[in-house]
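Please open the model in your viewer, with the sequence panel alongside, and follow the selections below in order.

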Amino acid sequence: MSVTVGDSLPPFTIERISPEGMRDWSVFLADPNPIHLDVEAVRAKGLGDKRINQGPINVAYVINMLLAAFPGGRIEAMDSRFLDNVYEGDRVTATGTVTAVEGNRVSCTFTLDVDGRGTVNSGTATIAI
Amino acid sequence: MSDFPPAPDVAGTALDGIKVFTISAGENAALCRSIGVEPAADGSAHPIYYYIATQVAMGKTVAGLCETCEFDVDDGPMMGSSGVRFTAPLRVGESYKVTGEILSLVRKQSRKLGVMDVLTYRLRLHPATGGPALLETDNVWVLPRKELAA
């Protein structure tokens, strides 16, 4: 596999963030926070009128992008910063850029962007390929 | 800042868990499909289990962790950042346990959020049968202190 500094990683897109996914993840995370489940709870907290995706799901989208870019690769390290929320109905795309290649170890930067609102998650990752 | 009381002194609080977390094939498959991919064919679990397994099997619930910081979970903790270092992939069918601790709780004034506490905690995931950690994760949460707003 040929990897060069500056390479763009193929994007990974979720066309529509679904409330059903949030419901499933509230079980996976054992976290029944109603802002992920109940629009009325979101309104009551003054956080808008759409359910809010759990933060770790947004990291998982980025992981999908990285693993698709480097088939058979293994993530060694990853640092994510949460810059804004992702809401039900959003279309999100994870992308990345190679910043270093050392032997079989590739470093990249990444972002997760929401159509119309910009970057909601950014960070760095190192993958053994 | 001197007008505010200091953040609770919680650094060093242990987060060692007593639960064993097993990554089931069924849940891993459901999780993968919920985020638009198929589960890996090689028996590895989705790497996001670094966050899930450590959160679910740490020694406190999310609400309990907030309570330790004298923060009501209903006031809305926010994720600031999450970092992880893996030494080995997580495997479907394997069982894990968690050790960890709170690293710091620092009170700050933010132009956007007002007074807030920044919580940093570290968790490690070990084989349930014992042995060195397969991963270490540091998470940072922001706890808005509405009661200290001007």
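How many helices and how many strands does chain B have? Select chain B and color it by secondary structure: chain B has three helices and five strands, where helices (H or I, at least four residues) and strands (E, at least two) are DSSP runs, numbered from the N terminus. What you are looking at is a predicted model, in which local features need pLDDT of at least 70 and side-chain atom pairs count only at pLDDT 80 or more, while totals for chains, interfaces and linings use all residues. Residues are numbered from 1 along each chain as its sequence is written, chains are lettered from A and ligands numbered from 1 in the order in which they are written, and side-chain values use heavy atoms, with hydrogens and water left out.

**Chain B as a whole**

Reading chain B from the N terminus, the elements follow the order β-α-α-α-β-β-β-β, and the C-alpha trace spans about 55 × 35 × 25 Å along its principal axes. Chain B has 150 residues, of which 47% count as buried; here buried means under 20% relative accessible area, exposed means over 50%, and partly exposed lies in between (1.4 Å probe, protein chains only). Of the contacts in chain B with a separation of 6 or more, 72% come from residues 24 or more positions apart, a contact being heavy atoms within 4.5 Å.

**Strands and a helix of chain B**

Next select residues 95-110 and 114-127 of chain B, which are strands β3(B) and β4(B), paired in the antiparallel sense over 14 bridges; two strands count as paired if DSSP finds at least two bridges between them. A hairpin of three residues joins β3(B) to β4(B), and Ser110(B) stands opposite Gly114(B) in β4(B).

Now select residues 49-57 of chain B, helix α2(B): nine of its nine residues are buried, so the helix is largely enclosed by the rest of the structure. Among the buried residues of α2(B) are Tyr49(B), Tyr50(B) and Tyr51(B).

**Where chain A meets chain B**

Show both chains together, and look at the 27 residues of chain A that are in contact with 27 residues of chain B. The area buried between the two chains is about 2200 Å², with carbon and sulfur atoms giving 63% of it; buried area is the accessible area (1.4 Å probe) that two parts lose on being put together, summed over both.

Select Asp79(A) and Arg85(B), which form a salt bridge whose closest N and O atoms are 2.9 Å apart. The count between chain A and chain B is one salt bridge, defined as a side-chain nitrogen of Lys or Arg within 4 Å of a carboxyl oxygen of Asp or Glu. On the side of chain A that touches chain B, the elements giving two or more residues are β1 (8-14), α1 (19-28), α3 (55-69) and β2 (74-82) of chain A.

Ser80(A) has Ser82(B) as its bridge partner in β2(B).

Is Trp25(A) buried or exposed? Select this residue in helix α1 of chain A: Trp25(A) is buried, with a relative accessible area of 0%. Leaving out residues up to four places away in sequence, Trp25(A) touches residues of both chains, including Pro56(A), Ile57(A), Leu31(B) and Ile52(B).

Move on to Phe70(A), in the loop between α3 and β2 of chain A, which counts as buried at 2% relative accessibility. With residues up to four places away again left out, Phe70(A) touches Met1(A), Val98(A) and Ile129(A), among others.

**Two residues with positive phi**

Most residues other than glycine have a negative phi. Select Ala30(A), in the loop between α1 and α2 (39-44) of chain A, where phi is positive at about 50°; Ala30(A) is exposed, with a relative accessible area of 52%.

Finish at Glu70(B), in the loop between α3 (62-68) and β2 of chain B, where phi is positive and near 60°. Glu70(B) counts as exposed, at 59% relative accessibility.
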